[in-house]
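Hi everyone, thanks for coming. Let's take a few minutes to walk through one structure together.

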Amino acid sequence: MAETNKTVAKYLSLSQDANSINMDNLRNIQRIYQNLTEVDDLDDHEINEKALDDVCQQLNLMQEGSDREYLRLCVKYDDIHRSKMQLKALYQANSILVNNKMNTIPVVSEQQTLPIVLNECICVLSMKMNTEEMQDFISKFLLKQIQKQPSITNNSSVTDHCRQSPQNSASTTTVPQDRTELPVGCVLDLFIRHQLGNRGIISFAHSQTRFRLIEPISLTDDFSTWHFDHFHDLFDIWLKPCSTQLFPKQWRFAANGRIYWQVNDAYNKINESRETMTIERPNTNSLESFIRDICLKENNGMNDIWLKQLRELEDITTYSHLVNLKETDWDRIVKLSMNAKKIIKTYVDREKQTAVDEKRKTIATKYENENEKQESVVSYSTSELLANLHMIKLFFYHSLRDTVDLKQSTTVAKLDPECVELSFQEIREEGFSDDGLFDDMKEFFLPLTITEHELKMERHNHQVFREQRKNAEKKLTDDIESLKYLYDEQVGIYWTYDEFITKAEKELHDECLAYLRKKSEQIKNISRRNEHEQAEFVQVLDQEWKKKEQNLEQNITEYQQFKDDVNKVVKDYEKELDEKRNQLKSVQFELNKKQKVVHKKLVKPHRGFIMFGPPGTGKSEIMSKLATKIGIQMVGPPLAAGELNRPLVGESERIIIALCTRCNRIPYTQCCVSIDEIDSLAPKRDEDSSEGKVDKISVLLSLIEGIKDIPNLMIFCATNRLHMMDEAFLRRMSGKFFVGRPSSEARRNILSQIPDWVLEADMLERLTIATTNFSGAAVG
């Protein structure tokens, strides 16, 4: 019977090529095993060894050594394609072990040592989020045309499926699910060629089905382990060979090679072989699943080798055991290779950090039904998503900063003005009433929204600007001449009426004298004989004078009214003439001014801000939200100042330096460190200050505009005791924002979040008055 048994490897047709596996026989093994065990879901179930013996008996298969391991992999996963990839990886690992035991070194010819030049490759954008913003980012930025498309000659053959018409327009909004030729000279095309050109020859320990173009940053320093993804967990860029299944062990990309591209969901299958592209987080249900997912993510096929070494050689049998190892315990692990230990520890540390910081949100997408929402694997608010996309743009521009065509195009600012506005709006919508605080904070971030292109632009040096100024000068000169003519005309009218008034007043004066003289003469000549007649004559004379006086005064009043009206017009013309003359002086000054470049110090970004005020007013909450929403990368978790204190001399200073120097790894973006209760880290220095306190503040100051200045570092901090802070530190914190207790309107907004059916009609107003002088936390 033993002679008729065949190996599982032979039954499954295992080889280095995953596509050669006999899928029907693999499904047959799974079907028989499920019938024997009545297990519906194979994922991470406890394998029934007795059922495996029965499977071997029914199919006449061997069940010792590696054959048993192959059988376990066949029934380990419900997804048959995952079993297929694991079988391939185990087969490759066993082949390596056999070669090592036999000490056989394959003879490599001189021709085989030369790297293979690839003329084609496929770029796969592995999307972890599919939103309208992501689609716009691809079509309007990644496909933005920077260089003109040169003619590319390619001697290599391409399958008809791959050879499609290139997309010559960067404004396309359709995202291809099938591979198509990437527009030559677009941002993504230049980025891929730049990265491959810098790497030169790419070498693998064994052939790979895919190649990750940009690896995330992962480092362990004196503070902690830090992970940073340049693409902010929104997508990955993978390269795949175009005409073969595997990359060569040594290869480089031809300078004029063709690049095809496609966009896929990172959590779905990506090609005909249904190979998993990526895993968001390793499964932590067991040590086996954790190591398996790490190896799938790293695409190294070392799953079973690492598991054997951890279990048999290091006596680590569970994930709980692995995650609870201390630093000294990791140092004692010697059976694993240095690279294996580093990779496993990196994922363990990342999982610890993710478990602490994990949060779940939803992104509202634009559907016909506005109540519909899409829940993504990685999700952000709208401002966070736009901020992360903006930081990715900064990374691309930084990588291509030496490209001549890119230098001539418009660059991007450190912060997106739209994100700055939207972030504060979102914080308000989340229930924080700022009482005008956010308007001041927006001005604080304004310098970071100015581009380098705007800083370096010469003032009015361009011919277009000079022509505009000259046209403005000519128009102002013509306007001044027209106004001067109208002004002189009105001034003439003004003096004409003034002359009329003078004449009328003189006539009134003369008539008055004549009347008085005549009346005086009549009074002197009055006698008893003609007393009655003379009296009547004087009476008639008075009546005539009053009538004449009334007419003359009416004429003077009318002339004065006309004069006043004209005077108003003259004053308006004078004011308008002064404005036009001042404008003309400014234009002539700009035209005659020596051309200068805007000095960068005039728009120098601030290095940090400090929020102060009574406890419970929301200072820490604002700091924890602001950086991620506005587009400033935090290089560490939000800290309390006490977390930076260490008992050993000099250790606290090393931790501060290690934390802040992380900014040097991502110089293209603005970074920050968020510290609460900063007064304990930067207190006033006097004769009684201890050496330890002085050392910590001196190191912190040296990192901000000091001898160890880190240009892209900002400090976000908060305190309840501003008067106890070091003056040198406060001088560097150019933004000082007081966060006081909420006003009555702010308290009403906070209390209005209580459902209406809970409160009586007038209870909201009564509560608003009752909570006078409460902090925000107390009102909450």
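Which residues in helix α10 are buried? Helix α10 covers residues 303–313, and the buried ones are N303, D304, I305, W306, L307 and L310. Before we go on, please keep in mind that this is a predicted model.

Two packed helices are described by the angle between their axes and the distance between the axes. Our pair is α16, residues 417–429, and α17, residues 437–444. They pack at an angle of about 155°, and their axes are 10 Å apart. Because angles over 145 degrees count as roughly antiparallel, α16 is roughly antiparallel to α17. The crossing of these two helices is right-handed.

So who touches whom? On the α16 side we have V420, E421, F424, I427 and R428, and they meet F438, D439, M441 and K442 of α17. If you sort the residues of this contact by type, you get 5 nonpolar, no polar and 4 charged.

Last stop: the cysteines. A disulfide is a covalent bond between the sulfur atoms of two cysteines. How many disulfides does the structure hold? The number is 0. Take C672 as an example: the nearest cysteine sulfur belongs to C671 and is 7.7 Å away, while a disulfide needs the sulfurs within 2.5 Å. C672 also counts as buried, at 0% relative accessibility. C419, back in the chain, is buried too, with a relative accessible area of 0%.

Definitions and conventions. Residues numbered from 1 in each chain as written. Predicted model: local features only at pLDDT ≥ 70, side-chain atom pairs only at ≥ 80, totals over all residues. Heavy atoms only, no water. Axes fitted to C-alpha atoms, helices over the stretch in contact; angles between N-to-C directions. Helix = DSSP H or I, 4+ residues; strand = E, 2+ residues; numbered from the N terminus. Parallel < 35°, antiparallel > 145°, perpendicular 65-115°, else oblique. Left-handed = near helix turned anticlockwise from the far one by under 90°. Contact = heavy atoms within 4.5 Å. Nonpolar A, V, L, I, M, F, W, Y, C, P; charged D, E, K, R; others polar. Buried < 20%, exposed > 50% of the residue type's maximum accessible area, 1.4 Å probe, protein only.
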